[in-house]
Structures are given as C-alpha cells and as structure tokens.
Amino acid sequence: MKTFEEIGINAEVLKAITEMGFENPMPVQEEVIPYLLSADTDVVALAQTGTGKTAAFGLPVIQKTEIENVVPQTLILCPTRELCLQIAGDLQDFSKYIRGLHILPVYGGSSIESQIRSLKKGVHIIVATPGRLLDLMNRKTVDLSHVRYVIMDEADEMLNMGFTDSINSILAEVPETRNTLLFSATMPAEIARISKKYMKNPKEITIGHKNEGNKNVKHVYYMVHAKDKYAALKRIADYYPSIYGIVFCRTRRETQEIADMLIQDGYNADSLHGELSQAQRDAVMQKFRVQNIQLLVATDVAARGLDVDNLTHVINYGLPDDVETYTHRSGRTGRAGKSGISIAIMHVREKGRMRDIERMIQKKFEKGTVPSGEQICEKQLFNLADRLEKVKVDEEEIAQYLDPIYKKLEWLSTEDLIKRVVSLEFNRLLEYYKGTPELDIPDEGARRSDKEGRQDGGRNRRQAESGFNRIFINLGKTDGLFPANLIELINKNVKRRVEVGKIDILQNFSFFEVPENDTRFILQDMSEATFENRIVSVEVAQDKKDKGSSRGSFRNGGRGGDRRSFGDRRSNSGNRSDRGGYNSSRGNGRREYKDRDSQGTRTERRR
Ligand code: AMP
C-alpha cells in the first residue's frame, strides 16, 4: 500500500487530511490521484459511494488549482443538492491550509442572488447541480471558459434524473482542452455513450467489477405473497431490534403508506419522498442521520441526497425495475469496511428479476425465512438481557429511590426477579405472535408459480396485475426513457395522481401498468404529451380476448385491490404522541404491538 506522499499529495493537503484521520489512500484514490496529478488523461472511474471518491478527485484538483488566477478552474457536477453541499464541505476540509482557495456550491432551492454575488467575488472550484448551473449560465453570471477540470460525480444518477440535456449544454460551454473525470457506481449503456462523446480516450478504472455490488453486503430474499409483504417487513424489523436502515419503495404513495403503517404500529419510522417540501426532507434526513429514526421509508430519488455510512440494512420493498437501482440501493449498506444486509421482500413473479440482479452483481441472493414468532421472541428477549447488562446505572441519582423498591421486592429470589423482568416483554410478544402463521411461500410452491408465471409470459408477461391495465407507450431506451423520467412524464401531463405499477422499458417502446379505473385519465391526458419533441402515443396493451378492451379503450369499475391513491402527506414530525408507545432511541425502545400481522390499521386517505 502506498502513502499519500508517494502518490504525490503535497504537505498542506496532507496536513488537513491527516487531521481528518486519513492515514493511507483508499484504492480508488491510489488509482485516480496519480492520473489527475501527472497525466492529462480523461478518466472513467467505476466506484461505489463510500469508497473515498470525493478525495480521489478533490485532492488533486485542489492541488492543481492556481490560486492567484481567481476564475473557475474546476467544475464538479453532481445530481443532488445534498451531495453538492457534501462535496463542497469535504473540499473545504481538504483545503483547510490553502489560503485564498474559493469553493462554491451552487444548487437549486436556495437563493440564486447570493450564489451570483459569490460568483462575482471570484471562485476557483464550482460544485453544481446541472439545473442551477444552467440557470446561472443563461443569466451570463458564470464564466466557464477557463475550466480545466470537469468532474461528473454519480454520473449514472444524473442521467437517471433526466439531466442528460443539461449536461450536454454545460459541456458545450467548457473548453475542449479540459480534462474530464467521470465517476459512476454502475456502467449503463448511456454512461458508455457519454464517455465516448465527451471524453478523449478515457482511462477506465474499476474498483471491484463493473456493476458489482459491495463485497461487504449480503443479499437475502424473502419470498412472500403480495398481501404479506408488510407483515414480513414488520417481522424483519422485530427480528433485528437494533436495525438502522432504509426501506425502499417504488412510488411516493407506497412510501407514505408504509411509513404511516409502521408509525401507527409503533415503529420508529418516517418517510422521505418527493411530495415533501425541501425543509421537511431536510428535517427527516437529519433525524435519520442522528439515528432518531430507525427505519426510513424512501423512494429512490428522494434518498439520493442521503449519505449515511453505518446502515445495518437496506430493505427492498419489492425489487426495483432495473439492476442499477438495486446496486445503488444495496450499496448504501456495508460501507466504510462494515458489513451490511440488503433484503428483498418479494413475490414469486420477481424471481426472474432477482436472477438478472445476481448475474450483474455476481453474487447469489440467500433465501431467507421470514422469522417466526418464537424466533422473534428469542431475539427480542436476548436483546432485552443485553440491554439490562449494558444499561448505565446512575448510582448517585437512583440511590434515593431504591430503598422502598428493595423493600417491596426483597421476598423475590434473583431467578424470580429475572423471570419477572423478562416476562414484562415476553408476555406482550407472546400475546402478539401467538398462533401467527408462517409467511414464506414454500420453495415447491414458488417453483410451480414461477413456472406458471413463465408460461403466462414470465417476466415479459403480457398480462397486467389484477385490477391494472398494461399501457403501451411509443417510447423506449432509444428515446432516453427511464422509469424515473416516465413517471415524471406522467406526473407532468396527467392532472390527477395515478399509481404506476410495473414498468418495462424496452428498446423502442415500453409498457407500464396503471389501475383500471385510472386508465382513461392516462389515455386522455397523455394524448397531448410530448417527450423530447416526440409526440407521445399511449394505448391499452392488453389481450383483447382477456380484457375485452380495444385500442385506446379502458375497462372501468375493476377491482382496485387494496391499492389506494396517494393523498396529502400527514405530517409525522412533531406528532408522535399517538404512537404505539415506542421510544425513539435506538435499540432500547418499547413497542406496543397494536395489531397483528394484518394490514388492517390502514386508513383511507382522500385526494
Ligand atoms: P466518499 O466515497 O468520498 O463519500 O468517502 C467515504 C468516507 O470515507 C468519507 O467519510 C471520507 O471522509 C472517508 N475517507 C475517504 N478517504 C479516506 C482515507 N484515505 N482514509 C480514511 N477515510 C477516508
């Protein structure tokens, strides 16, 4: 292993990073730093978050900055405001001993005027989200003509978020003589295309295999019926009393609903999704960072800005549509040398998708068995014993209360006392879990259903889920369509909220599922829509024999299952008094088990 001096880091930067506790370069730094310091080579670095990427590009660009020349010399593009602030903060720390170096984060959602003022004063390094930077460029308040380094961090995320056009416009304004460095956790085709278009013979550096998941992450799946997914989630949370994790859901509606149910059932949970204001999102993220929240239920997009190193679990409440999203989700645990578990609570029909993920991450999912009531009791009681053992006793303060308590309990032996203390928890657990069924779909059944699924068309099945219609849309990967911008397109054009089910993005066209009752809104509102100057065409894609539908028609009055439209967020924060008595501090909380494994506590919300 080399030292930072050996790879060319100078004394001032070294002093700052030593104070930060950096002893030796991490692998991505050992690979990337010498390239940026010496060779004028473009670099594509495939590395997960948490691998030390920020210092890999941050240290060399700081060192290469000509302080006396107060113009933007380095441009760092990243997908979210949170990442933007984090990178800028890290760069400030790295450059603590470099006088006169100015770093400016520019991002949406905060005053553009103050950013313009800072730009006027002069900066060397700009860290920006693409939208805001483009805005500043359009106002002619930022000059990129002296930029020598362009860094695109989390490039795959930027593309997923639909920033391709903005990036194109930005890069067109930066001198061609620049060096470009692209960081991405995964290597989808679009990244390969971008690197071909904007980079000169880039050196490709891969930390681990391409698209490979983090080595410290164990992948476990639980196969349950769709109706049992929530019950399985609760049992998993109960089985890991010290769990600190993110539960990923596909839609905002589902995210809010699951978070609401967890809170109602006494869990220490909250939600994070795009329906919340920036201030609400900041507050939730902060509570989660300081571990005041154990389970954060989030959409992929909203969780992007969250950087937490010590998650014990990532829970996929159903598998995502694409492998890259899974890699990002699971890469949020097992960071900084710690181990983590990525759990998928899934249905038989998702097995094919799981196999695709296994191929990509080159790791097998282990089959998990949803913990039984007895296993949970055992685990929780052991946890209680552990807490009893480790609880800090404030001898001085408690002394005044103890005498009458000793007196009251003196007739009990030590064994009796222990039994009674443990029973306080045990009785409640026993009551709650007595007679609850196993939730796993047995393997044999899984195989049979899987086979039936395949005969039905398998992963690329033509049949929509019950209560849903499968909609054809004339846009595909070739048009730059991703699940995220398809949902954006629907949100933009369809006037009411409509749940979007399974999405299949194919090369030249795609399919998505919507509730039968909402199909007509999709057909009406999207007939006027355009996407990247293409006129959108949508129609119901179901087998006419099965559904009795014809082109452009829809079936009304279908059963909506227990799916409901997403309504206004009920504020969770500051409204904890009606929760099930679960303390907010991690691992030592007390839960009132309000209901059994049922989903019966949900309440209908209105638009
Ligand atoms: P990043 O991938 O840049 O978000 O970095 C992940 C974490 O590793 C951050 O908390 C960094 O401060 C830390 N880190 C980065 N490089 C080193 C290093 N060489 N030694 C120790 N910690 C580091």
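**Reading sheets and a ligand site**

Tutor: Happy to. Let's start with strand order: in this predicted model, 4 strands make up an open sheet, ordered S16-S17-S15-S20, with antiparallel pairing.

Student: Which strands do the helices touch or lie across?

Tutor: Take each helix in turn and check both its contacts and its direction. Helix H20 (residues 483–493) packs on the sheet and touches S15, S16 and S17, with its direction at about 115° to that of S16. Helix H21 (residues 519–526) lies across S15, S17 and S20, and runs at about 155° to S20.

Student: What is the pairing in the sheet of 7 strands?

Tutor: There the pairing is parallel, and the sheet is open, with the order S3-S4-S2-S5-S6-S1-S7. Its edge strands, strand S3 (103–106) and strand S7 (203–206), each pair on one side only. Neighbouring strands are turned by 15° against each other on average, direction ignored. As one example, strand S2 (residues 74–77) and strand S4 (residues 125–128) pair in the parallel sense over 4 bridges, and Leu 75 has Ile 126 in S4 as its bridge partner. Helix H5 (residues 112–121) packs on this sheet, touching S3 and S4, and its direction makes about 155° with that of S3.

Student: Now the ligand. Which residues surround it?

Tutor: List the shell, then sort it by class. The ligand is surrounded by Phe 4, Phe 22, Asn 24, Met 26, Gln 29, Gly 50, Thr 51, Gly 52, Lys 53, Thr 54 and Asp 309. By class that shell has 3 nonpolar, 6 polar and 2 charged residues.

Student: Where are the polar atoms of Asn 24, Lys 53 and Thr 54 relative to the ligand?

Tutor: A polar backbone atom of Asn 24 is 2.8 Å from a ligand nitrogen atom, while a backbone N or O atom of Lys 53 lies 3.2 Å from a ligand oxygen atom. For Thr 54, a side-chain N or O atom is 2.6 Å from an oxygen atom of the ligand. Taken alone the ligand exposes 500 Å², and the protein buries 76% of that.

Notes. Residues are numbered from 1 along each chain as its sequence is written. This is a predicted model: local features need pLDDT of at least 70, side-chain atom pairs count only at pLDDT 80 or more; totals for chains, interfaces and linings use all residues. Side-chain values use heavy atoms; hydrogens and water are left out. A residue is near a molecule or strand if one of its heavy atoms lies within 4 Å of it. A polar contact is a pair of N or O atoms within 3.5 Å; within protein, one must be able to donate a hydrogen and the other to accept it, and residues adjacent in sequence count only if both atoms are side-chain atoms. Accessible areas come from the Shrake-Rupley method with a 1.4 Å probe; for residues, only the protein chains shown count as cover. Ala, Val, Leu, Ile, Met, Phe, Trp, Tyr, Cys and Pro count as nonpolar, Asp, Glu, Lys and Arg as charged, and the others, Gly among them, as polar. Two strands pair if DSSP finds at least two bridges between them. Helices (H or I, at least four residues) and strands (E, at least two) are DSSP runs, numbered from the N terminus. Contact means heavy atoms within 4.5 Å. Axes are lines fitted to C-alpha atoms, for helices over the stretch in contact, and angles run from 0 to 180 degrees between N-to-C directions.
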